[in-house]
Amino acid sequence: MASPNKAAQEVLGYNHDQVATFRKALNDLADSAQRDSDRWFPDTSRDLGHIALALGGEVGEMQNIIKKIERGTKTLDEARGDLRDELADVFVYFLDVCSLVGSDILYDYFTKQTYNNERFTK
Ligand SMILES: [Mg+2]
């Protein structure tokens with residue numbers, strides 16, 4: 001089994017230093033999102049349950065837009081701006097969870113990708 005760092009290099013076509021930079025950037029972004037939450041919502045920013053519910057709420061907002069596309073009320077092109085906005089909200093709360101849990105998300109992603117690759121590749 002390839003190490004997560006080796007897998008990242010192979011999949012992304014990055015060298016060791018590029019993977020290290022990308023990994024640090026994602027962790028720095030999660031810490032930045034957490035600092036924003038601490039400034040804007042100090043009463044709830046460290047409450048993992050609250051943040052998980054907020055993440056679910058933002059996923060629901062994204063799904064509601066996709067529901068409108070599915071039923072033909074809007075086209076994807078008409079909804080793209082709103083979808084991008086909700087995806088950013090999802091990403092912010094996802095990063096907050098990463099920060100609160102102490103996830104090293106790139107490393108964890110490629111740990112899972114390596115596992116799934118061996119599990120599902122026929
Ligand atoms: Mg939203």
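**Helix packing and cores in a predicted model**

Helices α3 and α4 pack at an angle of about 165°, and their axes lie 9 Å apart. Angles over 145 degrees count as roughly antiparallel. That makes α3 roughly antiparallel to α4. The crossing of α3 past α4 is left-handed. Sorted by class, the contact of α3 with α4 holds 18 nonpolar residues and 7 charged ones. It has no polar residues. The model behind these values is a predicted one.

The largest nonpolar core has 8 residues. They are Ala30, Ala33, Ile51, Ala54, Val92, Tyr93, Leu95 and Cys98. Three helices each supply at least two residues of this core: α2 (16-40), α3 (48-70) and α4 (76-101). Of these, α4 gives the most, with 4 residues.

Ala33 is one of the residues of this core. Leaving aside residues up to four places away in sequence, Ala33 touches Val92, Leu95, Asp96 and Ser99. Val92 and Leu95 are themselves listed in the core.

Where do Ala7 and Ala8 in α1 meet Leu106 and Phe110 in α5? The answer lies in the packing of these two helices. Pro4, Ala7, Ala8 and Val11 make up the α1 side of the contact. On the α5 side stand Leu106, Tyr107, Phe110, Thr111, Gln113 and Thr114. By class, the contact of α1 with α5 divides into 7 nonpolar and 3 polar residues, with no charged ones.

The geometry of this pair can be stated in the same terms. Two packed helices are described by the angle between their axes and by the distance between those axes. Helix α1 covers residues 4-12, and helix α5 covers residues 105-120. They pack at an angle of about 85°, with axes 8 Å apart. Angles of 65 to 115 degrees count as roughly perpendicular. Helices α1 and α5 are therefore roughly perpendicular to each other.

Finally, follow α5 to Glu118, which lies in this helix. Is Glu118 buried or exposed? Glu118 has 10 other C-beta atoms within 10 Å. A residue with 12 or fewer counts as exposed, so Glu118 is exposed. Tyr93, by contrast, belongs to the largest nonpolar core. Glu118 and Tyr93 are 25 residues apart in sequence. In space they are 30 Å apart, C-alpha to C-alpha.

How values were computed:
Residues are numbered from 1 along each chain as its sequence is written. This is a predicted model: local features need pLDDT of at least 70, side-chain atom pairs count only at pLDDT 80 or more; totals for chains, interfaces and linings use all residues. A nonpolar core is a set of buried Ala, Val, Leu, Ile, Met, Phe, Trp, Tyr and Cys residues joined through C-beta atoms within 7 Å. A residue is buried if 20 or more other C-beta atoms lie within 10 Å of its own, exposed if 12 or fewer, and partly exposed in between; C-beta atoms are placed from the backbone. Two residues are in contact if their C-beta atoms, placed from the backbone, lie within 7 Å. Axes are lines fitted to C-alpha atoms, for helices over the stretch in contact, and angles run from 0 to 180 degrees between N-to-C directions. Angles under 35 degrees count as roughly parallel, over 145 as roughly antiparallel, 65 to 115 as roughly perpendicular and the rest as oblique. Ala, Val, Leu, Ile, Met, Phe, Trp, Tyr, Cys and Pro count as nonpolar, Asp, Glu, Lys and Arg as charged, and the others, Gly among them, as polar. A crossing is left-handed if the near helix is turned anticlockwise from the far one by less than a right angle, and right-handed if clockwise.
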